[in-house]
Amino acid sequence: RVLNGMGRVNLHGVSWSICARPVRVKQTPCGYVLVCERNRPLNEMELIALEHACTTVALEVLKSQAVEEARNRIERDFFADLFAGHFHSADILLQRATALGIKLGKTTGVLVVDIDHLEPLVRENGEELAQEVKSKLVRIVRACLGNLTPPPVVASQSDSVACLIHWAAGTQEKDKRLKRQLMDVGEKILGKVASELPTLGV
């Protein structure tokens with residue numbers, strides 16, 4: 001296995017020259033760019049191009065992270081204002097909700113994933129690591145809620161992750177099915193957290 005350097009691999013009876021370079025974001029490897037060449041190794045100019053490709057990928061990852069962080073911040077501010085009642089008018093509330101894809105006119109449920117013992121985690125590992133853990137928890141929750149339509153709004157709030165989940169008002173039996181579905185989602189979230197963040201309790 002070639003992770004950073006040059007080597008050869010045999011694929012289906014054909015020997016290939018492999019050159020790999022890591023993609024680093026904030027000094028942390030987040031992936032690799034691989035180039036295969038059958039007849040010869042890469043020359044100097046091609047190696048420079050490979051390094052440029054790694055830089056381009058790293059910049060795209062940073063851009064995606066910045067967009068995600070900005071959306072998380074906007075959603076977090078909306079949740080904080082919503083739960084605290086910090087809106088001067090219903091029109092402003094609906095405008096901000098609509099901008100985030102939230103339809104408050106429909107029946108809305110709230111799912112909260114609470115992080116156990118967040119303060120000791122911050123004290124022992126620092127705020128930056130705690131924020132990384134919370135960001136990963138948000139991604140897990142979003143992935144587990146991905147099959148719901150319309151997509152729920154998920155935001156990090158202090159030591160928890162809050163979700164607004166929408167469904168059209170229906171029969172009592174339909175509401176019961178939805179509640180069972182949400183319970184199943186909760187169990188799925190717990191299973192994912194146990195697998196990907198084994199030291200975190202929720």
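The model is predicted, with local features requiring pLDDT of at least 70 and side-chain atom pairs pLDDT 80 or more, while totals for chains, interfaces and linings use all residues. Residues are numbered from 1 along each chain as its sequence is written, and side-chain values use heavy atoms, without hydrogens or water.

Select Leu137, Val141, Leu145, Val161, Cys163, Ile189 and Leu200: within the largest nonpolar core, of 25 residues, these touch the most other members. Such a core is a set of buried Ala, Val, Leu, Ile, Met, Phe, Trp, Tyr and Cys residues joined through side-chain atoms within 4.5 Å; buried means under 20% relative accessible area, exposed over 50% and partly exposed in between (1.4 Å probe, protein chains only). Helix H4 (127-144) is among the elements giving two or more residues to this core, and its share of seven residues is the largest. Helices are DSSP runs of H or I, at least four residues, numbered from the N terminus.

Next, centre on Leu145. Beyond its neighbours within four places in sequence, Leu145 is in contact with Leu111, Pro152, Val154, Cys163, Ile165 and Val185, contact being heavy atoms within 4.5 Å.

Now display Glu68 and Arg139, which form a salt bridge with closest N and O atoms 3.9 Å apart; the term requires a side-chain nitrogen of Lys or Arg within 4 Å of a carboxyl oxygen of Asp or Glu. Because Glu68 lies in helix H1 and Arg139 in helix H4, the pair ties together parts 71 residues apart in sequence.

Finally, select Lys192 and Glu196, whose side chains meet in a salt bridge (3.5 Å, N to O).
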